[in-house]
Amino acid sequence: MGRIMGIDYGLKRIGIAMTDIMRIMASPFDTIESSISIRKNAAAIIEIAKNNDVSEIVAGLPVNMDGSEGEMAETVRKFISEINLISEIPVAVVDERLTTAQAERMLIEEADVSRGKRKGLKDKISAAIILQLYLDQKNLI
């Protein structure tokens with residue numbers, strides 16, 4: 001049983017988080033630049049997953065505040081479909097409402113990180129929040 005990878009999929013950047021080997025705690029891992037091609041993005045994520053002994057992926061699904069799914073949720077679903085086409089690694093989704101705002105608030109209020117440095121950090125911290133939400137939900141079941 002390998003690690004679990006968390007994904008915060010964006011059109012500019014993709015935030016990545018990983019669990020520890022025991023699959024207990026999520027930590028920010030990396031941020032990669034997003035390609036115009038969803039297929040290339042999926043291939044890049046699978047490459048990272050293979051290099052880090054990942055056996056499960058969790059993607060944040062950007063759901064609107066009213067529970068509906070918009071254009072970005074559709075893009076994330078296409079990304080997940082691409083992963084499923086090229087890999088056997090199962091992909092779960094987590095409602096990611098407000099995770100980016102939470103990451104931004106953490107970086108400003110708790111870490112006092114400058115605006116310029118927040119861009120790359122925000123995405124991988126959002127991915128860690130998404131992954132930790134998943135871990136917490138899994139432990140409640």
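**Salt bridges, then the sheet**

I started with the charged pairs, and the structure holds five salt bridges. For that term I used a side-chain nitrogen of Lys or Arg within 4 Å of a carboxyl oxygen of Asp or Glu. Before going on, I noted that this is a predicted model, in which local features need pLDDT of at least 70 and side-chain atom pairs count only at pLDDT 80 or more, while totals for chains, interfaces and linings use all residues. Residues are numbered from 1 along each chain as its sequence is written, and side-chain values use heavy atoms, with hydrogens and water left out.

Which residue does Arg13 pair with? I found Asp123, with the closest N and O atoms 2.6 Å apart. Arg13 sits in strand 2 and Asp123 in helix 4 (residues 115-140), so this pair ties together parts that are 110 residues apart in sequence. Helices (H or I, at least four residues) and strands (E, at least two) are DSSP runs here, numbered from the N terminus. I then checked burial, where buried means under 20% relative accessible area, exposed over 50%, and partly exposed in between (1.4 Å probe, protein chains only). Arg13 is buried at 19%, and Asp123 is buried at 10%.

Next I looked at Glu56 and Arg23, whose side chains meet in a salt bridge at 2.8 Å, N to O. Glu56 belongs to strand 4 and Arg23 to the loop between strand 2 and strand 3, so the pair ties together parts 33 residues apart in sequence. Both Glu56 and Arg23 are buried.

Are the partners Arg77 and Glu69 buried or partly exposed? Their salt bridge has its closest N and O atoms 2.8 Å apart. Arg77 is partly exposed, with a relative accessible area of 37%, and Glu69 is partly exposed too, at 42%.

**The sheet and its helices**

I traced five strands in an open sheet, in the order 3-2-1-4-5, with mixed pairing. Two strands pair if DSSP finds at least two bridges between them. The edges are strand 3 (26-33) and strand 5 (91-95), each pairing on one side only. Neighbouring strands are turned by 25° against each other on average, direction ignored. Axes are lines fitted to C-alpha atoms, for helices over the stretch in contact, and angles run from 0 to 180 degrees between N-to-C directions.

Strand 2 (residues 13-19) and strand 3 run antiparallel and are joined by seven bridges. I looked up Ile16, and its bridge partner in strand 3 is Asp30.

Helix 1 (residues 38-51) packs on the sheet, touching strand 1 (3-9), strand 2, strand 3 and strand 4 (54-61). Its direction makes about 155° with that of strand 1. Helix 2 (residues 71-86) also packs on the sheet and touches strand 1, strand 4 and strand 5, with its direction at about 165° to that of strand 4. Contact means heavy atoms within 4.5 Å.

**One glycine**

Gly60 is in strand 4, and I found Gly60 buried at 2% relative accessible area. What does Gly60 touch, leaving aside neighbours within four places in sequence? I listed Ile7, Val76, Val94, Glu96 and Ile130. Gly60 and Ala92 are 32 residues apart in sequence, and their C-alpha atoms are 8.7 Å apart in space.
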